[in-house]
Amino acid sequence: MSDSQNLRQAALNYHEFPRPGKLEIRATKPMANGRDLARAYSPGVAEACTEIQADAANAARYTSRGNLVAVVSNGSAVLGLGNIGALASKPVMEGKAVLFKNFAGIDCFDIEVNESDPEKLADIVCALEPTFGAINLEDIKAPDCFVVEKLCRERMNIPVFHDDQHGTAIVVGAAAKNALHVAGKSFEDIKIVSTGGGAAGIACLNMLVKLGVKRENIWLCDIHGLVYEGREEDMNPQKAAFAQASDKRTLDEVMDGADLFLGLSGPNVLQPDMVAKMAKRPIIFALANPTPEIMPEAARKVAPDAIIATGRSDFPNQVNNVLCFPFIFRGALDVGATEINDEMQIACVDGIAELARATTSAEAAAAYKGEQLNFGADYLIPKPFDPRLVAVVSSAVAKAAMESGVATRPIEDITAYKQKLNQTVFKSALLMRPVFEAARAAARRIVFAEGEDERVLRAAQAILEETTETPILIGRPEVIERRCEKLGLDVRPGRDFQLVNPENDPRYYDYWNSYHKVMQRRGVTPDLAKAIMRTNTTAIGAIMVHRGEADSLLCGTFGEYRWHLNYVQQVLGGGTYSPHGALSMMILEDGPLFIADTHVHVEPTPEQIAETVIGAARHVRRFGLAPKIALCSQSQFGNISCDTGSRLRAAIEILDDKRRDFVYEGEMNIDTALDPELRERIFPNSRLEGAANVLIFAHADAASGVRNILKMRAGGLEVGPILMGMGNRAHIVSPSITARGLLNMAAIAGTPVAHYG
């Protein structure tokens, strides 16, 4: 089977299995008993109906309308497939709905309509207004799409947006803005030659005019050649707006001196000899799919300095509408916009363009492993999986809607709104907020043992941008410098953060002497101390904290946890400091769940379990939560005589010796800990109310197993592990940690011990 056949079958399997299609409907409210039924339907539903009847704005409060979009198509111009009809277009529209949900959290119904008459189609769309908060018109052929959109916009009081036109135009506008920035040119001065007089092509030209291009500098060609004044063949008012008073008739004739070629037409329309006629540093947007107007390698043979974008994902600078439509609708819906106007579209252009010029996010880099994501000729616009798009673009759109007067539900605090949007993509953002706020009140120095790791470098950039902490990196200067440049990071060693070079650092003598003094009665000779301070970055970081040159150590991005713990204990343990356990916060769909001890004690004693419980309660409060702790075993309130049960019961006795300011209970099964009704039947006198939010285990295998299952099968996001009992002087992460996870851990490490409670 050929590659194309494999791809075809894989695509068909994707759509068919495990159930047909790409969408389903899920209830957002419980329906478990008669009480729920009475509230969801008769008689309770009447209360919501009367509130909406009294004030239509209440629909956004009591129904899903404020977060519901319709993708409407008649299938007359689908992708590269043409007029395939409404039914055959359904997979595309379902796909569009999935993108709305996944990228911006917007619920969406795809509606395929058997109607070719544009005025009748507009009538149908307008009749849908009570159901939806906005309408996305999709894959309707030109010029019908102009008619449908115009009529719907005139008659409807919600946003109507033909994405094939304006979505493409916005992304082209952002790419053009950055391409001109790279080329050192301006919108006001450039000459544009465009092929394709369809909906997308016309919309792109209109957008470029709004951005500053002079209409007289735009030369539009279609299948019949140049659009010129007086031409009658295949004309419409939209094309006529760009007609030139010229005796030139062909694309080849108008290419002389063109700064920007914009292609939204068909394959191989632009020939290399035409590219040779363009201005220096030409910009070529060959957006036909799947075969561009000219292949990038062919263009570069005659113009090596060309800046090129295509519509394909296998070349740099893919012009993809997904950079726009989820986020412009997100902003419009959230302020109750009555339309998506020019100001909102330009705000979207600016937001996308500015994001590309910013440092690349770690999440985007992970999604596009191996690609260069540094702003420049090959990176003009962000990647679709850049999680910052929703906050940056949607907030810019919402702000523009408010400033232009089309918002019916203005947002008072745009900064808080932006933070809320970030919480939809960074699941840890809400829970980490108290920790970050506490960390901002301090100025702690965090030393990273594995300073050459890409995740650490990205975390260092984020720390400098988002906190008051000072990162210190252990690593070779030339390696870190080279990787920062390759990754497109703004930070540099020596300028933005302190560096410790294990191969050649002026403090080397002091460090090995300090380590030797700590370890001389534990078998470490001067020569061994010297060798460790040259090769063991965890030990180096621990010595820095020991000497007061750093406040906290982060290590563990590679290697085994207890190997790192050994050096942390050697140098920083003793006195009041000893590891009590490792606590992981697992952020799940229905809230956080803390797990301990996952790493430190394999089979903890009752005393160690009690210490773990006390430490967990202290740390849970750091996240603004009240700890409700369950000690978990296969034994349940003494019903089985087993080792874990007996140790947990002994730990309960130790905890009961003193009055505690937190709730704990055990020993019990995990389901009993999480299900209050089950617990009430089994042990009605439990002091634990509601579901536990902390699970403590008497064996590391159990704790680690639950943690990994939640992470791998339940979509849990881990914050941690947090090393308890070391006074916040060291934390050992796991090799699977992300750059965002390191930033979270740096915030935890950056909170002074006084904030622990």
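Are Phe161 and Phe329 buried or exposed? Phe161 is buried, and Phe329 is buried too, where buried means under 20% relative accessible area, exposed over 50% and partly exposed in between, with a 1.4 Å probe and protein chains only. The model is predicted: local features need pLDDT of at least 70, side-chain atom pairs count only at pLDDT 80 or more, and totals for chains, interfaces and linings use all residues. Residues are numbered from 1 along each chain as its sequence is written, and side-chain values use heavy atoms, with hydrogens and water left out.

**The whole chain**

Of the 757 residues, 53% count as buried. The chain exposes about 33300 Å², of which carbon and sulfur atoms supply 52%, by the Shrake-Rupley method with a 1.4 Å probe; for residues, only the protein chains shown count as cover. Among contacts (heavy atoms within 4.5 Å) with a separation of 6 or more, 70% join residues 24 or more positions apart.

**The phenylalanine cluster**

Next, select Phe100, Phe161, Phe325 and Phe329, which ring pairs link into a cluster. Rings of Phe, Tyr and Trp (its six-membered ring) pair if their centres lie within 6.5 Å; planes under 30 degrees apart count as stacked, over 60 as edge-to-face and the rest as tilted. The count by this rule is 10 aromatic pairs. One of them joins Phe100 and Phe329 edge-to-face, at 5.2 Å centre to centre with 85 degrees between the planes. This pair links distant parts of the chain, with Phe100 in helix α5 (residues 90-104) and Phe329 in helix α14 (residues 325-334), 229 residues apart. Phe100 has 0% relative accessibility and therefore counts as buried; Phe329 likewise has a relative accessible area of 0%.

Now display Phe161 beside Phe329: the ring centres are 5.6 Å apart and the planes stand at 85 degrees, so this pair is edge-to-face. Phe161 belongs to strand β4 (residues 160-162), and 168 residues separate it from Phe329 in α14.

**Charges over rings**

Two further sites show a charge over a ring, defined as NZ of Lys or CZ of Arg within 6 Å of the ring centre and within 35 degrees of the ring normal. Select Lys530, which lies over the face of Trp512 at 4.8 Å from the ring centre. Then select Arg729, which lies over the face of Tyr577 at 4.1 Å from the ring centre.

**A buried loop residue**

Ala258 is in the loop between α11 (251-254) and β8 (260-263). With 0% relative accessibility, Ala258 counts as buried. Apart from neighbours within four places in sequence, its contacts are Lys191, Val193, Met278 and Ala279. The C-alpha atoms of Ala258 and Ile218 are 9.5 Å apart, and the two residues are 40 apart in sequence.

**Helix α27**

Finish with α27 (residues 643-656), a helix of 14 residues that reaches 20 Å from its first C-alpha to its last. This is close to the 20 Å expected at 1.5 Å a residue, the expected span being 1.5 Å times one less than the number of residues. Which residues of α27 are buried? They are Thr644, Gly645, Arg647, Leu648, Ala651, Ile652 and Leu655. Viewed down the axis of α27, the buried residues fall within an arc of 165 degrees, so they line one face of the helix; the arc is that of the directions from the helix axis to the C-beta atoms. The buried residues of α27 pack against α26 (606-621), β17 (628-632) and β18 (663-668).

Notes:
Helix = DSSP H or I, 4+ residues; strand = E, 2+ residues; numbered from the N terminus.
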